[in-house]
Amino acid sequence: MPKHPGIAIVLISGFLAAGALAQQTIDPNLNGSDKEPLGKAIQPVAPPSFDLLKTIDLHVDYSWVPQSNLGSSAAFKKATEQTLQVDATVRLQINDRLSLSIGGEYEDFFFSFQQPNRSATFPLFHNLGIVGAKLGFVYELSPQWSILGNVAPSFNGDLNNLTGRDFVMSGLVALKYSPYGNDKLFFLLGANVHSTGQIPVVPVAGVRWRVNDALTLNLTIPRPEIDFDLTRRLTLFADANFDGGDFRAPNNAGSAIGQPKFNNAWLTYESLRFGGGWRIKIAPFASLQAEGGYEAERNFNFYNLNNNNGINAHVKSAPYVETRLNISF
């Protein structure tokens, strides 16, 4: 789901774990004979077992974009980008209808700039990051209908100097419809809320359809994808990726280039990629994927300065490569 109300969506990071409790009922007939034990009539009733089934998901993602040109107003003329994202979630099945999730995310955009621009009017930053948590739920109203949602507090800004003013709150609520009562086909319709976004509430929608044993269409934001299972272990895919976030600029961001209006302002970074690759199962609980493609859109935007269109600096389109490790157990 979108991180923020632009094409980029605020994602969240960190590592959290949860345990499972279970209680077993002991047979009061300890001697194992066919006769009833003497005290059977007064044996206490064993309490019902309480099982929290858990599923842990971990994703580690790294990507690289080679050097490309920046807009003429930016503080530098060329930029190289690297992105590192770590996402961990624990899902707890409370009962037949309700499941909860708790987790977090760390995401960092590393920019390497070259060729300083003496006539710059737009500041740029070497390190933009997100550190946060996410609490969610899924409640099954019926076999066909479910409601789901989450709240995601985070700190977005220069990760070398995070402060309380970098705090962001976002969340999602959506309705899921599964016409066959399973995940072979389902539709999502909901809204994403973001405390610092240019548009605070944005509608979201999506559909996932397993067409047959080999082909799956997952048309949901932020990463719509088409999968084709070539073998039981190897999958080919094509996808798009909407990424980025809202970040608080440092308190001296504008002063460094003689433009103090940028100090402490909110900056949106938006990225749109199209690509494809392969995913291979390396263990029953783990898969590794690699892909390449084209980053068609990259944009820095101080949307709350000067006018409704904000102040922008575009980055020229460029190819990218990406690798991702998925673990679920």
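This report describes the fold, salt bridges and aromatic contacts of a predicted model.

## Basis of the model

The structure is a predicted model in which local features need pLDDT of at least 70, side-chain atom pairs count only at pLDDT 80 or more, and totals for chains, interfaces and linings use all residues. Residues are numbered from 1 along each chain as its sequence is written, and side-chain values use heavy atoms, with hydrogens and water left out.

## Overall architecture

The protein chain has 15 strands and 0 helices; both are DSSP runs numbered from the N terminus, helices being H or I with at least four residues and strands E with at least two. Of its 329 residues, 43% count as buried (buried means under 20% relative accessible area, exposed over 50%, and partly exposed in between, with a 1.4 Å probe and protein chains only).

Among contacts with a separation of 6 or more, 61% are between residues 24 or more positions apart, a contact being heavy atoms within 4.5 Å. The accessible surface of the protein chain comes to about 17,300 Å², and carbon and sulfur atoms account for 60% of it; accessible areas come from the Shrake-Rupley method with a 1.4 Å probe, and for residues only the protein chains shown count as cover.

## Salt bridges

The whole structure contains 16 salt bridges, each defined as a side-chain nitrogen of Lys or Arg within 4 Å of a carboxyl oxygen of Asp or Glu. One of them joins Glu 81 to Arg 273, at 3.8 Å from N to O. Because Glu 81 belongs to strand β2 (residues 76-93) and Arg 273 to strand β12 (residues 266-283), this pair ties together parts 192 residues apart in sequence. Both Glu 81 and Arg 273 are buried.

Glu 81 also forms a salt bridge with Arg 298, where the closest N and O atoms are 3.1 Å apart. Here strand β2 is linked to strand β13 (residues 286-302), which holds Arg 298, across 217 residues. Arg 298 is buried, as is Glu 81.

## A further bridge and the network

Strand β13 also contributes Glu 291, whose side chain meets that of Arg 223 in a salt bridge of 2.9 Å, N to O. Arg 223 lies in the loop between β9 (215-219) and β10 (225-229), 68 residues from Glu 291. Glu 291 is buried, with a relative accessible area of 6%, and Arg 223 is buried at 19%.

## Aromatic pairs

The structure holds 13 aromatic pairs. Rings of Phe, Tyr and Trp (its six-membered ring) pair if their centres lie within 6.5 Å; planes under 30 degrees apart count as stacked, over 60 as edge-to-face and the rest as tilted. Phe 155 and Phe 167 form an edge-to-face pair, 5.6 Å centre to centre with 65° between the planes. Since Phe 155 lies in strand β5 (residues 145-157) and Phe 167 in strand β6 (residues 167-177), the pair ties together parts that are 12 residues apart in sequence. Phe 155 is partly exposed at 34% relative accessible area, and Phe 167 is partly exposed at 37%.

Elsewhere, ring pairs link Phe 76, Phe 109, Phe 111, Phe 113, Phe 247, Tyr 269 and Phe 300 into a cluster.

## Charges over rings

The charged end of Lys 176 sits over the ring of Phe 186, 4.5 Å from its centre. A charge sits over a ring if NZ of Lys or CZ of Arg is within 6 Å of the ring centre and within 35 degrees of the ring normal.
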